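Subject: Structure for your review

Dear colleague,

Please find the structure below, followed by an account of what was found in it. I would be grateful if you could read the two side by side.

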Amino acid sequence: MIRSPNLPVSILLLLLATPAAAQTSDEELLQAFGDEEFISIATGYKQPLRLAPSVASVITADDISRIGATDLDEVLEIIPGLHVSRSATAYNPVYMIRGVHSGSDLNPQVLILIDGVPQTNVFAGNRGQAWKGMPVKAIQRIEIIRGPGSAIYGADAFAGVINVVTKRPEDIHALEVGGRAGSFGTIGAWMLQSGSIGPWRSAFSLELDTTDGHEEIISADTQTGFDLLTGTSASLAPGPISLAIDRLDARLRLVKPRWQALLGLQLRTNGGVGVGSSQALDSAGEGNSHRFSADLRYENDAWHENWGLALEASAFDLSVRTDLVLFPPGADFTALGGSLFSNGVIGNPDVYERHWRVGAI
């Protein structure tokens, strides 16, 4: 029998090489065909989640369905290291990542993207005082970076980034409709549809819901303290907070080779103001807003020899209109050097913004 002293070494080298080759092959296949464990917001380009240089998470549409969430905030609550609290004003969500908080209810330290487009209100650095959450039927996946994202996205992302990716034509089965109802006068309906518009494949979503909100009773408010100082009784406390809201979310995605167009519309009407903008109960005040976004993208990986090209242009139009009663009728501040407000202290702060962005890679 002839023995080869190099045989064990050859076998060892073969065994060591095989997993690496298999791993490389798997990664090439995943890059080609896509995978739910890929993320793009960590570096600006698509890569496996396990290789992302950030503490990142991906929540898919299947995950959302399994947990039974109806709003983006309910989904984000399951992310380790991310806590969703509520601001006193209008009960807007405040996203705290790793305990980082700006010290105010405006929450400018966490950047929200929808299909990669920032939803930031430049006036206050947040999503506007009438954001009021986002329904989930149109969401295909949510990508979250827990930790600084400012190197890519700027100062608005110093605590983290949340990117909501909406559904593509292949994610919708022709026509899907549904509805729901629940406590506190909550009623909702939704529709998803995929199809074609000329050479474009399309994905359309429409979500409607309305609620009276839970009417938690506040035993004392800011005006209660002023009443004790001035001897008046203008406060509406004890009384319920105001959390009613009507929401409409509509999105259209058009896709053809190398091109993609995205349109989004969010309407918020008859929005309650929580415990009141001055933390004095306000049963008459309300906030209304519209948020419109349009985005056009072109990608060509074979634009030139060894070169690819990506172009993007987007527009964002935001308005927030409010009618507020900062302090209730009968508020009397004369004893404090102020005035008597028989009709209450009324405020109507409005914000209107238009943003334009262009980019090339």
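Arg201 and Glu170 form a salt bridge in which the closest N and O atoms are 3.2 Å apart; a salt bridge here is a side-chain nitrogen of Lys or Arg within 4 Å of a carboxyl oxygen of Asp or Glu. This pair links distant parts of the chain, with Arg201 in strand β12 (residues 200-211) and Glu170 in the loop between β9 (160-166) and β10, 31 residues apart. Helices (H or I, at least four residues) and strands (E, at least two) are DSSP runs, numbered from the N terminus. Arg201 is partly exposed at 38% relative accessibility, and Glu170 is partly exposed at 46%. In these terms, buried means under 20% relative accessible area, exposed means over 50%, and partly exposed lies in between (1.4 Å probe, protein chains only). Through salt bridges that share partners, Arg168, Glu170, Asp171 and Arg201 are joined into one network.

Please note that this is a predicted model, in which local features need pLDDT of at least 70 and side-chain atom pairs count only at pLDDT 80 or more, while totals for chains, interfaces and linings use all residues. Residues are numbered from 1 along each chain as its sequence is written, and side-chain values use heavy atoms, with hydrogens and water left out.

The count of salt bridges comes to 13. Two further examples may be of interest.

Arg253 forms a salt bridge with Asp115, with 2.9 Å between the closest N and O atoms. This pair also links distant parts of the chain: Arg253 belongs to strand β15 (residues 245-256), whereas Asp115 is in the loop between β6 (110-114) and β7 (117-118), 138 residues apart. Arg253 has a relative accessible area of 6%, so this residue is buried. Asp115 is likewise buried, because its relative accessible area is 10%.

Arg66 forms a salt bridge with Asp63, the closest N and O atoms being separated by 2.4 Å. Both residues are in helix α2 (residues 61-67) and are three residues apart, so about one helical turn separates them. Arg66 counts as exposed, because its relative accessibility is 62%.

The aromatic residues form a second topic. A search of the whole structure finds five aromatic pairs. Rings of Phe, Tyr and Trp (its six-membered ring) pair if their centres lie within 6.5 Å; planes under 30 degrees apart count as stacked, over 60 as edge-to-face and the rest as tilted. One of the pairs is formed by Phe226 and Phe327, which is edge-to-face because the ring planes are at 75°, with the centres 5.7 Å apart. Phe226 lies in helix α5 (residues 222-230) and Phe327 in strand β18 (residues 307-327), so that the pair links distant parts of the chain, 101 residues apart. Phe226 is partly exposed, with a relative accessible area of 24%, whereas Phe327 counts as buried at 14% relative accessibility.

Phe327 also pairs with Phe333 in an edge-to-face arrangement, at 5.4 Å centre to centre and with 80° between the planes. Phe327 and Phe333 are both buried. One aromatic cluster is formed by Phe226, Phe327, Phe333 and Phe341.

Finally, Gly182 is located in strand β10 (residues 175-182). Gly182 is partly exposed, with a relative accessible area of 46%. The C-alpha atoms of Gly182 and Thr211 are separated by 8.9 Å, the two residues being 29 residues apart along the chain.

With kind regards
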